[in-house]
Amino acid sequence: MSMPSNIEEAFPRGLLRPELFIGVLSSVSAQAVRFNLNDAGSPSGAHFLGGRYGKGEVGEFVLIEGQINLLLGRVVEIHLPESERRSVDASHAKVIGLDAVGTIQLLGSVAMDSLRVTAGVESYPRLGDRVYAAPHNFVANLPSLMEPEDGPESNVLLRLGSIDVALESAVSIRPEKLFGRHCAILGTTGGGKSWTTARIIEECIKHKAKIILLDATGEYRGFSGPFVTHSHLGSPVNTATGSLARSLPPTCFVESDFIALFEPAGKVQGPKMRAAMRSLRLAKLVPGVATNGVIKKIDQSKIPVIAAEQQLGVTAKLDDPRQEFDVSKLNAQIEQECVYPDGFGTSRGSKDPNKWGGDSGEVSYCLSLMSRISAVLTSPSFGCVFNSPNPAVTTEIDDFVTNEKRLLRICLSGVAYEFKAREIVANVIGRHLLNMARAGGFAASPVVVIVDEAHNFLGRQIGGEDAVARLDAFELIAKEGRKFGLNICLTTQRPRDITEGVLSQMGALVVHRLTNDRDREVVERACGEIDRSASSFLPNLRPGEAAIIGTDFPIPLTIKIFPPEAQPKSDGPNYQKCWRLEPPAS
């Protein structure tokens, strides 16, 4: 629901209604104000214009009638003086003359003429200023009221939910505000994080969006329609209808991926493996110098290899970590690298620099490396990489950018965690997206990549002491992807496992219930606009409720997310059905 341009049309009888009067201010400080609660003794709130108003309940948005403008605030505490504490008993009757005091956290200022809302306090109220409950339709339109008056017209809106106390007041948000500076959806298990993700995707599909979903668990396989494409890597337990098997060819890997994956140890394995990869690149570029894809070096002449390296365009590619090679020949090439650098000359004791020597015996130091390479290449975890005839998922991503599809879901649940396979595969896909963005592939059609269970993929490093590689593709997208038309949306139940540098790049946070104090502290540090008063509501959010905060949402807004049509399949086991005791046969 968008706010009418005519204020009189939106609020024909004014924004401050006498029916919603709560009380008057009795104390003013820099961060909060206190007010005398007028209806403290009422057993419940009041209904007005089809909605219920607490008229002084904790969490309620209020408007303060200041001397210059209106102030928007939120009730964070209601208490009685100690002398009045025994005035309240178990009866539900109204207590006449109850002397209650409420505390309001000041959130922003409201312009009298246009109702535009800005964060911060332009002018503080005075003692005796009146406090009113904020109308539900005003609170629902806070996202649009916080935009500048000369901003662009919002034709594309994502209808996500409603005000938590007013289901009749829907909240719609511009995708620029949600994704423009990246987005993170946070919350503990059961808080509604998956429902929110599904709802956002559904709303995006209604428009000409480009969404790539990395589904780590397969719970979003319920999406369907002409604009949806499902693909999967490996062998998921549950696949979506019409899902296409895809592969991730090793040509998408770079040198650091292989080093971290194969974990060469010590001072011999690392140099030999790097030399072998360089030789295999040369064999790929100049096949004539290789025998069955391997460059023979034991007691062989160097002259053909040196000549091949000096060919035009070959030298620069040999040391390019992105240059592809045949990884299946890696073990055979490592054996060939275990040679003396120079062979013997024609006379006794002389060296011949134009040929390699014999076997140096160093291959014995590389046996553990070669065993691990063989294990990885034959592991089912990497079957979609090294042993799959299926089309490449990177080609599908390239096609998705230009076709009419709006959602590309890539299921990773069939990729095991053995050898860090799932983390490496996701990182390779993220790097491919970043390279596409840097090359200008998303300039005409911006793309949002949604990373499910992001704590498994961000802030990770793999490899041993001698070969450490950081899986930083999605971190780089968060830091620089926005200027190339590539935005990221992270979903996680463990914000503390996401690096603070990445969370600080998130312009919008959709926060569900967070019970862990470390998670709440991370959110507070990542978003400077939220303080302890606002974060204190996070542990008490109901399933499906979320607080939207961030750079473009300086005033935290709690909404009830609308249930998605394609509900995530994230339910646990049905113990009542599976553990039911069958009656004995008669």
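Before the close-ups, one term: a residue is buried when its relative accessible area is under 20%, exposed when over 50%, and partly exposed in between, using a 1.4 Å probe and protein chains only. This is a predicted model, where local features need pLDDT of at least 70 and side-chain atom pairs count only at pLDDT 80 or more, while totals for chains, interfaces and linings use all residues. Residues are numbered from 1 along each chain as its sequence is written, and side-chain values use heavy atoms, with hydrogens and water left out.

**View 1. The whole chain, to get your bearings.**
The chain has 586 residues, and 51% of them are buried. Its secondary structure comes to 19 helices and 25 strands; these are DSSP runs numbered from the N terminus, with helices (H or I) of at least four residues and strands (E) of at least two. Contact here means heavy atoms within 4.5 Å. Of the chain's contacts between residues at least 6 apart in sequence, 71% join residues at least 24 apart.

The buried ones are Glu-255, Asp-257, Phe-258, Ile-259, Ala-260, Leu-261 and Phe-262. For background, most residues other than glycine have a negative phi.

**View 2. H6 against helix H7, residues 266-285.**
The axes of H6 and H7 cross at roughly 140° and come within 11 Å. That makes the pair oblique, the class left over once angles under 35 degrees are called roughly parallel, over 145 roughly antiparallel, and 65 to 115 roughly perpendicular. Each axis is a line fitted to C-alpha atoms, for helices over the stretch in contact, and angles run from 0 to 180 degrees between N-to-C directions. The crossing of H6 and H7 is right-handed; that word applies if the near helix is turned clockwise from the far one by less than a right angle, and left-handed if anticlockwise. On the H6 side, look for Glu-255, Phe-258, Ile-259 and Phe-262, which meet Met-273, Arg-274, Met-277 and Arg-281 in H7. Sorted by class, this contact has five nonpolar, no polar and three charged residues. Ala, Val, Leu, Ile, Met, Phe, Trp, Tyr, Cys and Pro count as nonpolar, Asp, Glu, Lys and Arg as charged, and the others, Gly among them, as polar.

Start with H13 (residues 393-402), whose axis is 11 Å from that of H14, at an angle of about 40°. H13 is therefore oblique to H14, and the crossing is right-handed. Thr-394, Ile-397, Asp-398 and Val-401 in H13 meet Ile-429, His-432, Leu-433 and Met-436 in H14. This contact holds five nonpolar, two polar and one charged residues.
Now turn to H15 (residues 473-480): H14 (residues 421-438) packs with it at about 30°, with the axes 8 Å apart. H14 and H15 are therefore roughly parallel, and their crossing is left-handed. From H14, Ala-426, Asn-427, Gly-430, Arg-431, Leu-434 and Arg-438 meet Ala-473, Phe-474, Leu-476, Ile-477 and Glu-480 of H15. The class count here is six nonpolar, two polar and three charged residues.

**View 3. His-230 in strand S14, residues 228-234.**
His-230 sits in S14 and is buried, with a relative accessible area of 6%. Its side chain joins that of Arg-409 in a polar contact of 3.0 Å. A polar contact is a pair of N or O atoms within 3.5 Å; within protein, one must be able to donate a hydrogen and the other to accept it, and residues adjacent in sequence count only if both atoms are side-chain atoms. Not counting residues up to four places away in sequence, His-230 also touches others, including Tyr-220, Phe-223 and Leu-244.

**View 4. Asp-129 in the loop between strands S8 and S9.**
Asp-129 lies between S8 (117-119) and S9 (130-133), and is buried at 6% relative accessibility. The Asp-129 side chain reaches the backbone nitrogen of Arg-126 at 2.8 Å. Gly-23 is 106 residues from Asp-129 in sequence, yet their C-alpha atoms are 8.6 Å apart.

**View 5. Two loop residues with positive phi.**
Leu-115, with phi near 65°, is in the loop between S7 (100-110) and S8. Glu-453, with phi of about 50°, is in the loop between S19 (447-451) and S20 (460-462). Leu-115 is buried at 5% relative accessible area, and Glu-453 is buried at 11%.
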